[in-house]
Amino acid sequence: MISEWFRVRQTSPLTNAPLDSTAVIPNITLKKVIADWRAARHAIPSSPPPLASAPPLSGLSASDHDQYHDDPSPGMTSPHLTESIGAKEIEQVKSMVYSNYSSSDEILLVRRVAKVQNPALTASFKRCQQKIGGKVARLFHGTLGQSAASIADEGFRVPLEFERADSLQETGQLTFGKAVYFSKRADLACSFGEATLIIADVALGRVWHAEQSLPALDYGRMRMEGKDSVAFGRTQEHACYATEQAVPLYIVTYTLVDPDDIKTRYDRSTLEATYDRMVSAKTIDWDMCLQHIGRAGRVRQRHAALRKLGDCCRDDQKAVCARLPETLLRALREQCLTIEAAENDAPATWLALRLCWNAAYCHQPTQRLLVTKLHASTFVELLGHWNNDVVDRAAGVILNLSQLSKTARTAFWETGAPMALARLVAKNADGLLEEPTRGGAGVEPVPHCLGAIANLAFAADTRSKFLNSTELREFLTEVAEPLMDSWHGEVREEATRVFSCIIAGGKAPAEWLKEGGAEVFEKSVGLED
């Protein structure tokens, strides 16, 4: 791996000190010792066949070849994979990976390159490309070793659900629905996998240029829109909805190492093992969590710390909340819960919101604490993010924080939360009035927004604010009232709860009835019964 290190760094892999030259001089004596040792092993009949008997990696030195085969990727066996590749081709693949990988957190070092040779997949891809037309892009797809072998054999698979089924990515929804995801960025693709990249040719066809996440998309909806793929410029992502739109070309296995030390592996499994022992408030290493979530923390470290703290808040809520350090809350606000942070790392923002969600649920002291230390405006601003999963979780946190705390409700009113939530409901309401003919119509973030509005309308002082606001009264009659007849049960229930909170105790305010609320009042009372 030393030769790979020198491709990206001009420093010593052991000390990180600058080097005048990165030329690698072979150690003849050491090679002789290794050769004699291997010869001795071959002379023993009971010895297993040496790993070096595997097909050679053309274009690599003997030492590189041995390094690659001393650490094979689990599950990476397929009749459609070959490592008999010319040196020039290997160099082109490596150059593509290195030139499209950018990270200050870790260094990627290529370990192996295998070529996919599957005539059936190639033929299917060519037929698809001729049918849909458009450009063909060479892109990256992140995955696991065992999944890569399956893709080499059978091609890519479109997920069956709209929610993520893997444990590697932190957010709940698939950003653009049921699709296979690719990116021009090798670093982004790596964040969706572990130690394995696939380089593929992708037929883009008619492209839908998205400006925000669209988690309800699937093959049927794309056909209705006359589109074949989604392109998202912010992250340089592409989503395809038919398996034959992409054909795997190469499988690249890699190692992530610390930028300062080649011996220090930097991967998700190592981080997860570090946090496995933290199962309750008593076992949390607060100093390490703060280090990883704070300014000096790396992306994967931050994700691991946030996920574990969120789990502990769920499983040992009162004890964890009693120990939450103010320095940690400050780090959450500055490093995770800003629009800028969400733009750079949406999963970290989502995980931080999940932590707040679990900490605040039905726990008044924590609701008051989080609003005071993190500020209501923090969560209201995140309602404007492009990622629907972040928006939905932010609305859910507002719902939880305003559940029992008058301090929180007051703060959210002062930052304009009711109107921001109402606009989100209005933006997404049309698709919730008539049941869609095809599956996959998304409802988020409408239920959480309506639930938060209901909490903010519950107290007597905030009820009057609703009825004194022309915009909110229009929202209630023109948007929320029709949603009481929505095809979606959760939306219907939350819309009804909004009116139940405003019409407290079954007594409708006279002003509300005078302004045409009588019919709505009767409907909400009937549904509650």
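1. The sulfur of C240 lies 8.5 Å from the closest cysteine sulfur, in C128, which is too far for a bond. A disulfide is a pair of cysteine sulfur atoms within 2.5 Å. The structure holds 0 disulfides, and C128 is accordingly in none.

2. The model is predicted: local features need pLDDT of at least 70, side-chain atom pairs count only at pLDDT 80 or more, and totals for chains, interfaces and linings use all residues. Residues are numbered from 1 along each chain as its sequence is written, and side-chain values use heavy atoms, with hydrogens and water left out.

3. C240 is buried, with a relative accessible area of 1%. C128, at 9% relative accessibility, also counts as buried. Buried means under 20% relative accessible area, exposed over 50%, and partly exposed in between, with a 1.4 Å probe and protein chains only.

4. Rings of Phe, Tyr and Trp (for Trp, its six-membered ring) pair if their centres lie within 6.5 Å; planes under 30 degrees apart count as stacked, over 60 as edge-to-face and the rest as tilted. The count by this rule is 4 aromatic pairs. One of them is F156 with F182, edge-to-face, at 5.1 Å centre to centre and 80° between the planes. F156 is in the loop between α6 (145–154) and β4 (180–183), and F182 is in strand β4, so the pair links distant parts of the chain, 26 residues apart. Helices (H or I, at least four residues) and strands (E, at least two) are DSSP runs, numbered from the N terminus. Both F156 and F182 are buried.

5. The ring centres of F232 and W386 are 4.6 Å apart with planes at 50°, so this pair is tilted. F232 lies in strand β7 (residues 229–232) and W386 in the loop between α17 (376–382) and α18 (388–401), so the pair ties together parts 154 residues apart in sequence. Both F232 and W386 are buried. Ring pairs link F176, F232 and W386 into a cluster.

6. R223 lies over the face of Y219, 4.4 Å from the ring centre. R393 lies over the face of W357, at 4.6 Å from the ring centre. A charge sits over a ring if NZ of Lys or CZ of Arg is within 6 Å of the ring centre and within 35 degrees of the ring normal.

7. The axes of helix α23 (residues 470–483) and helix α24 (residues 489–502) come within 7 Å and cross at roughly 130°. The two helices, α23 and α24, are therefore oblique to each other. Axes are lines fitted to C-alpha atoms, for helices over the stretch in contact, and angles run from 0 to 180 degrees between N-to-C directions. Angles under 35 degrees count as roughly parallel, over 145 as roughly antiparallel, 65 to 115 as roughly perpendicular and the rest as oblique.
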